[in-house]
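Thanks for coming. I have a few minutes on one structure, so please look at the screen.

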Amino acid sequence: MAISPSSIEQVIPGQGAMAQPSAAPGRAKRRRFRFLANAKAATGVVILAVYGLFAIIGQWVAPYDPDARSSDVLQAPSARHWFGTTHLGQDIFSQILVGARSVMVVGLIAGVLATILSILIGVTAGYLGGAADEGLSALSNVFLVIPALPLIIIVTSIVDQASDTLVALIIGCTSWAWGARVLRAQTLSLRRRDYVEAARATGERTGRIILFEILPNLTAIIASGFVGTVIFAVMSEITLAFIGISSISSWNWGTILFWAQGQQALAQGAWWWFVPAGLAIALLGTALALINFGIDEFVSPRLRSAGRTRIRTADGRTARMRVGFTPVLAPTRPVPAPREEVAP
Amino acid sequence: MRFLLQRVAFYLFTAWAAITLNFFIPRLVPGDPVQSLISRNQGRISADAVQSLRVLFGLDKNENVWEQYLDYWRQLFHGDLGLSFTFFPTPVSTVIGDSLPWTVGLVGITTIVSFLLGTALGVGAGWRRGSWIDGLLPATTFLSSIPYFWLGLVAIALFAGPGSFFPSSGGYEPGLVPAFDQYFIPSAIQHSILPAATILVSSMSGWILSMRNMMVTVSSEDYITVAHAKGLSERRVALSYAARNALLPNVSGFALSLGFIVGGTLLVEIVFSYPGLGYQLFQAVGAKDYPLMQGIFLIITISVLVANLLADVAYLLLDPRTRKS
């Protein structure tokens, strides 16, 4: 997974959409959902909500017990088994439904843990500066450079049959560094703002300044860092299960792929065994990435994909609109100079 | 120069941290893995080898942790990473030496190609914002959300199979001896096409997106307007003015995300049974071969550090500001 340098770093929050003074109380209600007006973000949130729903009710709505064997061995998708069956006659649709919970829970726990760590380390480093900053930055840079996945694989393999919670904790503890780095950079630029200086001058405690003056202005970065970590955590969990390191007794989408790979599903042409799980993962990842784009574009409107950029002028020519440009069209015939004089 | 020295110092520090981490991880292993190995291979382990493994696992009760730590460093400097359990009694360094060229070849080349290609496409997408390339962005997002290994599985199901041109596993035709000759090289290339394509497809979109966003940010800068006002050609403004400045954050992003990319590509090797470090790590994990796992982790980390250093040198060449003092 490539992490793109977030565009948020370049945006000064004081000038972004976040910092607009809240309007009259009557309008506040409408603005609360403005984030969802962005088509990308709305799509992402809707897909995520569906996944969340399945994570909660999947256990009860699953048509079969995911472990139950039956005589329908290695069946292609049909009305009885929507996603087909495994080599033991287990229903793959039920496995996917039941597995959703583990995936979502691990993503959530690891995301929350990594976000808390990144706030603690990043904001503290940025706000305090000096030796504390040097030390904490070095720490997060070290964690950033060390390849996380091999480390996670090795640490998890030491524990026999690691449970979901443990996997989530290991992932959370190794994936906070990116967020910490971005938060530190942003805190550095906020630290010398007038309103922070004012709070300091009135004798506010450091903790209060960080909590009430700095943190609210970091909301967008924290949110996008959280979403990014959840993507990484979900991928890592599924990878661990696929390699067969974490517990294979509980169902998640990686476990399904683990059995599919182990039972030579490919060689037997049982595409239904691994395609649904992969698509479920990809769709979840897309939903989270879309939410992140939404946050990016919410903060930095320039990044929105422009609508129509070709414009037809009255005399039938086309001009391409670009940021920072006013298209100037050479007149096709001499235009008489305007006669009106500007009033002094 | 000062910038480079600072970076080298940082990487040395990181290497030290990784090695220290590597020293402590096996001490968390429950039980006595060395004892179980000895009982499995009765009488076939030399006393030296046992001693080396005991140092590695910290089972030498006569020493305190500090002495163990010094011993560990002494072993490392001799290139001694212990003996592999699975390929007993081959030293870990030999096993790694056999698989490292495969990984460097596959992962190294695809990572660089994907970065260059993705950046070039991103320049196009960012410069012509609102063109059809913007419409492709959601598709690339979807592709990059697919786990590498799953894409590999699908690629095998679709393209490989009996009678197909693409082999589904291995790094070269079984029966060939690795050498630089007319039989081995084509076979190796043929085996690497599918894994390489998998890595390219899933890793490229990240670069496209970040470069596009940087281009959009840069293209509204004053110096771009000035360049246009001077009447420079569109192409010159896009490449020498906008892209050159937009490239800098992407290069530093490249350095930082190398760790993630390498982690992901190791999985592709597992799916394709490609004889590189990732596949070796997979086998080591399955066999609980701790010395091999650690050795691979160490080598991967150090390779990533070296690649980072190279990216820093590239940054130094691209950004004159870092050369000033």
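In helix α7 of chain B, the buried residues are B:Tyr148, B:Phe149, B:Trp150, B:Leu151, B:Gly152, B:Leu153, B:Ala155 and B:Ile156. Keep in mind that this is a predicted model.

The helix itself covers residues 148-159, which is 12 residues. From first C-alpha to last, α7 of chain B reaches 16 Å, close to the 16 Å expected at 1.5 Å a residue.

What do the buried residues of α7(B) pack against? On the chain A side, the partners are α10 (219-243), α11 (253-262) and α12 (271-299). Within chain B, they are α8 (184-218) and α10.

That brings me to α10 of chain B, residues 234-271, where B:Val251 is found. Leaving out residues up to four places away in sequence, B:Val251 touches B:Ala311, B:Ala314, B:Tyr315 and B:Leu318. As for B:Phe142, that residue is 109 residues from B:Val251 in sequence, and the two C-alpha atoms are 24 Å apart in space.

Now chain A as a whole. Of the 344 residues in chain A, 46% are buried. Taking contacts in chain A between residues at least 6 apart in sequence, 70% join residues at least 24 apart.

That is what I have for today.

Conventions. Residues are numbered from 1 along each chain as its sequence is written. Chains are lettered from A and ligands numbered from 1 in the order in which they are written. This is a predicted model: local features need pLDDT of at least 70, side-chain atom pairs count only at pLDDT 80 or more; totals for chains, interfaces and linings use all residues. Helices (H or I, at least four residues) and strands (E, at least two) are DSSP runs, numbered from the N terminus. Two residues are in contact if their C-beta atoms, placed from the backbone, lie within 7 Å. The expected span of a helix is 1.5 Å times one less than its number of residues. A residue is buried if 20 or more other C-beta atoms lie within 10 Å of its own, exposed if 12 or fewer, and partly exposed in between; C-beta atoms are placed from the backbone.
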